[in-house]
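This report concerns aromatic side chains and their contacts. The sequence and the structure are shown first.

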Amino acid sequence: MVGTIFKGDVAEVSWGKETGLMAQGDGGATGWTHTSTSGNTSLLTIGTGVYWHTGSGTDVEIPDNALVGCILRITGGGNFGSDDYASTRRTYYVIANDTTNGTITVQPALATGTSTNGAAGDILVLDTNRCPTFESAMTDAAQQVKTDQFFGLLDNFSLPEPEITVQKQHIVGMGRDVNVLTSGKETLAGGSFTLNAHTLRWMKYALGGHVAKSKGEFCTIKTGPAPTDSELPLNIKAATATYQAQQFGTADTDTLTAVSTTALTGTSSLVVGDHILIGAKSQLGSSGTIVLTHAPTNTHEVVDGTNGGIFKTMSSTGEVLYGSFTGVAANALTGCADIDVGAELRARVADVPVYTLAPLQSAIARRDVRVHLGATIAPKFAVGDYIQIMDKDTHSIPGQDDTLPTVFKNEIRRVIAVDGSGGYVYVEEPFFFAHSVGSAGVERLQYASDNSRGSPNIVSTTKELQFGVEHTLFGDTSLPTFMIEQSFRRDNATPGTEQLLRLYNGCKVGGMSFSANTEGEVKLQVDYEGGRHYTDTANAFTPHRMFENTADSAINRKASGIAVNGEKPYLFQDLSFEVFGRPVLRATQIEFSINNTNTARHFIRGYEGNTTDSDQVQLAGVQMPLDITEAQREYTFSFSAMIEDDQLWEQIRTRKHHQNTNDITLTMKKRGSNSTRENATITIEDYTITKADHQIPDDKGAVIVQVELVVRHLKVVENSVYLTL
């Protein structure tokens with residue numbers, strides 16, 4: 001009967017990143033407490049001052065039992081020295097968490113006695129794997145996690161449904177039938193989906209390595225003239241002083257005599273709607289030294305004169321340039337050097353804006369989920385903003401150059417919580433790199449419905465990509481995990497109790513293939529498996545409905561990964577293909593694949609708890625894989641082409657090995673009339689041909705050669721409208 005069955009046309013699926021959690025000990029109320037022990041389990045109570053607490057009552061912003069199966073560790077620098085991971089290697093896994101009471105139950109029991117509060121040096125940390133990113137808007141009655149991301153233009157989608165290993169036992173003397181059945185481990189393999197690629201974001205999850213760079217924050221002039229949204233760029237101080245402003249993309253500049261959230265004094269050549277970089281006004285400097293009209297602390301909120309940091313300026317044509325400095329002497333930045341070519345030289349000529357990025361107050365370690373910015377800068381961030389880390393240090397990526405190729409360690413993350421008084425900003429997804437004090441600076445980014453304040457945007461008529469973000473993807477030793485939310489309902493009405501909602505956590509991409517042919521869109525085929533499944537047995541979840549309550553505005557669509565005017569996929573007609581040092585004009589099909597050789601790992605773990613049918617995760621997840629480990633990565637590449645010469649035959653006959661020469665490149669650009677549009681370049685280097693069949697066609701038609709190659713390295717650069725992938 002209509003309306004009484006679950007229907008595929010209203011089934012929903014979305015996904016999100018996984019982010020670890022932490023709680024800094026500082027007493028029971030503001031930190032956490034070891035409340036009690038029962039058998040081999042301990043109960044921990046999260047204090048009201050912790051950033052993933054609602055701030056009122058005892059509720060935390062994590063759904064009931066959504067942390068089950070996560071790994072917990074303690075840095076015991078205060079009262080919890082007996083549980084300090086660094087010295088004792090004690091680890092715990094979560095077997096329950098209670099939203100209403102703000103508690104977490106772990107096994108085995110802690111070594112530290114009960115009724116002990118975490119002191120200032122005690123930090124409770126939950127690992128990222130299988131830990132859902134919390135949703136700050138969640139309530140106890142309407143529970144959610146941050147699975148607000150759009151999968152893409154899906155052709156098909158398969159979940160990694162659980163398969164239980166059942167042991168059958170035939171007992172002597174009890175006939176020929178099976179006498180005992182025992183349920184064992186669960187596997188969550190078989191997940192896959194195929195999509196038309198409107199972005200190559202999923203290649204991040206197949207490769208692992210990722211850096212991102214935007215053009216940063218700007219001030220957009222509105223009527224007044226005043227800053228749009230009555231907000232100055234993050235590190236600009238509202239004061240009466242000499243500033244310089246330059247319009248993005250032009251040589252237009254003005255000297256400002258004062259700036260505030262309500263007025264920009266001195267904007268004679270700049271008009272409403274202009275996007276300007278505001279900074280200290282430069283004077284004539286010398287090599288390595290940028291001289292400013294005032295001491296930088298007169299025009300900026302925070303400047304690290306001891307360790308240095310990052311500055312931002314603009315070229316004579318209005319392009320963004322970043323550089324670094326090592327210190328401050330009076331009104332000069334010293335030890336200046338390029339990050340972008342020409343930054344230092346440009347910033348030391350007269351009448352140029354020089355903006356110093358907000359500095360780090362503490363170093364960021366790899367896999368950290370928070371940034372220490374201090375009590376002046378941190379409160380300027382809000383949940384939903386983005387933070388850009390610009391770093392002068394580099395990271396080596398796989399390649400065949402005599403000197404390994406490098407990328408600057410630039411990263412962008414979404415803000416999910418702010419501890420203003422403590423000076424911390426908490427981010428979605430752990431940082432991929434470590435960032436040192438003095439080597440990195442911070443910018444604040446925000447999405448707008450248009451291009452205000454430097455928001456990435458796509459113009460509807462020309463498809464111009466404004467303030468696009470450059471993402472570079474490359475192979476890394478580990479892969480990021482992600483989570484999936486999937487729900488069934490009966491019809492288009494807002495579901496009540498009749499819904500089935502599941503979460504799949506700890507998912508990793510095992511393999512991916514990219515294909516393009518002469519029949520349609522560029523496609524990605526993704527194979528993955530999960531580490532845990534969770535069922536909303538209490539009907540407490542408010543499900544994500546992508547176009548009803550999630551990507552329901554222009555801003556939210558950008559945040560979810562389906563920007564207005566950015567929905568169209570890359571097309572085979574707009575793809576340029578080069579191999580062996582020359583264009584291939586008559587290719588009919590291209591395909592490459594990535595295989596990560598993942599293996600799901602099950603471990604010997606007991607469970608000291610009572611199991612009920614209403615448990616969101618059965619047996620505390622001990623029967624599910626705890627880890628999915630990567631092994632050797634392999635790339636394959638093949639294409640078909642009509643030939644007009646003997647080049648392909650010569651390649652295989654002479655056993656050519658292209659090592660850092662004649663890279664294979666796939667260059668794609670989306671449709672539009674503006675030259676600056678969404679685009680991507682896939683580069684495959686260090687390759688050799690293994691097969692090139694030159695068969696005589698049975699139909700007496702054109703000779704089509706099937707070519708297969710073995711490759712070592714793959715890199716992707718995509719310019720898109722999305723701050724994060």
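The predicted model holds 33 aromatic pairs. Among them is the pair of Phe151 and Phe157, whose ring planes stand at 65° with the centres 4.9 Å apart, an edge-to-face arrangement. The two partners fall into separate burial classes. Phe151 has a relative accessible area of 3% and is therefore buried, because the class covers values under 20%. Phe157, at 24% relative accessibility, counts as partly exposed.

Trp202 and Phe482 form another edge-to-face pair, with 5.1 Å from centre to centre and 70° between the planes.

| Aromatic pair | Centre to centre | Angle between planes |
|---|---|---|
| Phe151 and Phe157 | 4.9 Å | 65° |
| Trp202 and Phe482 | 5.1 Å | 70° |

The residues of both pairs also belong to a cluster linked by ring pairs, made up of Trp15, Phe151, Phe157, Phe193, Trp202, Tyr205, Phe482 and Tyr528.

Charged side chains also meet an aromatic ring. Which ring has the charged end of Arg73 over it? That ring belongs to Tyr85, and the charged end of Arg73 lies 4.7 Å from its centre. Arg89 also lies over the face of Tyr85, at 4.8 Å from the ring centre.

Methods:
Residues are numbered from 1 along each chain as its sequence is written. This is a predicted model: local features need pLDDT of at least 70, side-chain atom pairs count only at pLDDT 80 or more; totals for chains, interfaces and linings use all residues. Side-chain values use heavy atoms; hydrogens and water are left out. Rings of Phe, Tyr and Trp (its six-membered ring) pair if their centres lie within 6.5 Å; planes under 30 degrees apart count as stacked, over 60 as edge-to-face and the rest as tilted. Buried means under 20% relative accessible area, exposed over 50%, partly exposed in between (1.4 Å probe, protein chains only). A charge sits over a ring if NZ of Lys or CZ of Arg is within 6 Å of the ring centre and within 35 degrees of the ring normal.
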